[in-house]
Amino acid sequence: MSSWRGSVFGRVAALLIGAQVLVALLAVGLSAYFAQTRSRELAASGIRLRLDALAEEIERRADLSAGDLATLPLPLQLDLGARFPDPVWLVDTLGKPVFVARPDSELFGPYPEMPRTLPTALTFWLRRDTLVVHLEGDGWGMAPLYDLGGQRVGTVVVYPLRRSLARELAGTQQAYYRALAVTLGAAVLLALLLGAFFTRQLVRPLRRVVAQVQRIQAGDWEARLPVARDDEFGRLARAVNEMAQAVARSIRSLEETDRMRRELMAGIGHDLRTPLAALLGYAEEARRLLQQGNTAAAAEALAVVEERGRHLQRLVEALFELSLLERPEPSLHLEPVPLGELLDETFRAHRRLFQDAGLTLQADWPPTLPVVEADGARLRRVLDNLLDNARRHTPAGGEVRLGAQATDTEIRIRVQDTGPGLSPEQQARLFEPYGRRKDGTSRGLGLLISQAIARAHGGRLEVTSAPGQGSTFTLILPRREVQFDD
């Protein structure tokens, strides 16, 4: 109720509704002046005479001696639809309808709402030998039917009486329409006056809103509309202010994205320039050695060229894979993946590498891990990246633990190391592409691709770390088990 009272349009609507009430009262008074006070009684009398004539016609044209109203002559059945603009029912002495004639559509038009049953109020009257016309509600009229011996054989009922009553009241309706035309003219004039007044009241605050919006459109994102009202204009001002704040946040986000893009391009350029320079240098060296006839040294230089070329190929493939994973709908090859087997294969593949680096690789997962629907090759890529990252950053003599656990809703795979750990600032920039270290080298794409793979599966990659306490990387995936048919 308070929002209605505090609304500009609510106040306008209240005044206009009041004006319409006055116009309606004027219409009622004029309608009462033009209409006859006994119009409904006259209409009922007219319907009663027509109904009585219909009953006499049925008694005259039909053989009712057998007491079967359902066997009326076909011409009479067809004529019943032309006597009233409403349905005509024939009811036996037990009150059961045995025949209904739909109004002739060529004379009266189609009747869209054909009732299926008679009103219950007729039950009492059907037992009486009385011609009755009832105009309340949809209205109905009934007249008894007798055979030649004077024995009652049924009742003719017209129900509903909407069209019949409308036809009888046509004169009254014409008077009503004349009154309505006068009242509409008065209503239009009053509405024009009120509209002119309130339009002037509404346009001024709207102009102020438009002026402020134009300032924001011109780039003044700090411009704000005053919120001093509690109506639609106040809510509009708040909405515009919130929109300006959202656009300002979007612009800051775009600026940050652009910064990250420039940093990414710089990192890619750095990682491409170094192996390219080495590749070209060793290629020139191999050519010089071949010219000198030193084939053994030339072969060693060409081997370095090949190794650098493969490094560049891996880098380009990683960039291409990252572009695929960062699409709105990344392409995944989903298949049943037994998590226990995947972890066991990954553990065995990396155990020898850890031994050669002087590290211990431990396994920690239950024997009953589920079979999930996922891209097995890409999950293996994530585990390889995390284990390689842990092996590179854990000093000799340290330990790395590969573990997993499953809950009712998710799968958690973790790689925990005893390395130097990460500061909060390092963790905040850990998954940024090509974030630069203090020594000028880059982090590469391993963790970024791992995070993209996790998100493509509807999960995420988290890190928990502290300086001097090691790091724990956790791959969290939604639990989507494969349903096998029995």
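## Surroundings of Leu-386

Leaving aside neighbours within four places in sequence, Leu-386 is in contact (heavy atoms within 4.5 Å) with Val-415, Leu-447, Leu-461 and Phe-473. Leu-386 lies in helix α12; helices (H or I, at least four residues) and strands (E, at least two) are DSSP runs, numbered from the N terminus. Leu-386 has a relative accessibility of 1% and therefore counts as buried, where buried means under 20% relative accessible area, exposed over 50% and partly exposed in between, with a 1.4 Å probe and protein chains only. Between Leu-386 and Val-415 the separation is 29 residues in sequence, against a C-alpha to C-alpha distance of 6.7 Å in space.

## Basis of the values

This is a predicted model, in which local features need pLDDT of at least 70 and side-chain atom pairs count only at pLDDT 80 or more, while totals for chains, interfaces and linings use all residues. Residues are numbered from 1 along each chain as its sequence is written, and side-chain values use heavy atoms, with hydrogens and water left out.

## The chain as a whole

The secondary structure of the chain comes to 14 helices and 12 strands. Of its 486 residues, 36% are buried. Among contacts between residues at least 6 apart in sequence, 65% join residues at least 24 apart. The accessible surface (Shrake-Rupley method with a 1.4 Å probe; for residues, only the protein chains shown count as cover) comes to about 28800 Å², and 55% of it belongs to carbon and sulfur atoms.

## Nonpolar cores

A nonpolar core is a set of buried Ala, Val, Leu, Ile, Met, Phe, Trp, Tyr and Cys residues joined through side-chain atoms within 4.5 Å. The largest such core has 36 residues, and Ile-413 and Leu-475 have the most contacts inside it. Two or more residues of this core come from each of α11 (339-356), β8 (371-374), α12 (376-393), β9 (399-406), β10 (410-417), α14 (446-456), β11 (460-465) and β12 (471-478). The largest share, 6 residues, is given by α12.

Neighbours within four places in sequence again left aside, Ile-413 is in contact with Leu-339, Leu-343, Leu-383, Leu-402, Gly-403, Ala-404, Phe-473, Thr-474 and Leu-475.

Strands pair if DSSP finds at least two bridges between them.

β4 and β5 form a hairpin with 5 residues between them, and Gly-150 in the turn has a positive phi of about 85°.

## Cavities

A search of the whole structure finds 2 cavities of 30 Å³ or more. On a 1 Å grid over the protein atoms alone, a cavity is a set of points where a 1.4 Å probe fits but cannot get out, and lining residues have an atom within 4 Å of a point. Grid points are joined across faces, edges and corners, and a volume is the space filled by probe spheres set on the points.

The largest cavity has a volume of about 50 Å³. Its lining consists of Val-372, Glu-373, Ala-374, His-457, Leu-477, Pro-478 and Arg-480. Two or more lining residues come from each of β8 and β12, and β8 gives the most, with 3 residues.

Technical notes. On a 1 Å grid over the protein atoms alone, a cavity is a set of points where a 1.4 Å probe fits but cannot get out, and a pocket is an open set with protein on both sides within 12 Å along at least five of seven lines; lining residues have an atom within 4 Å of a point.
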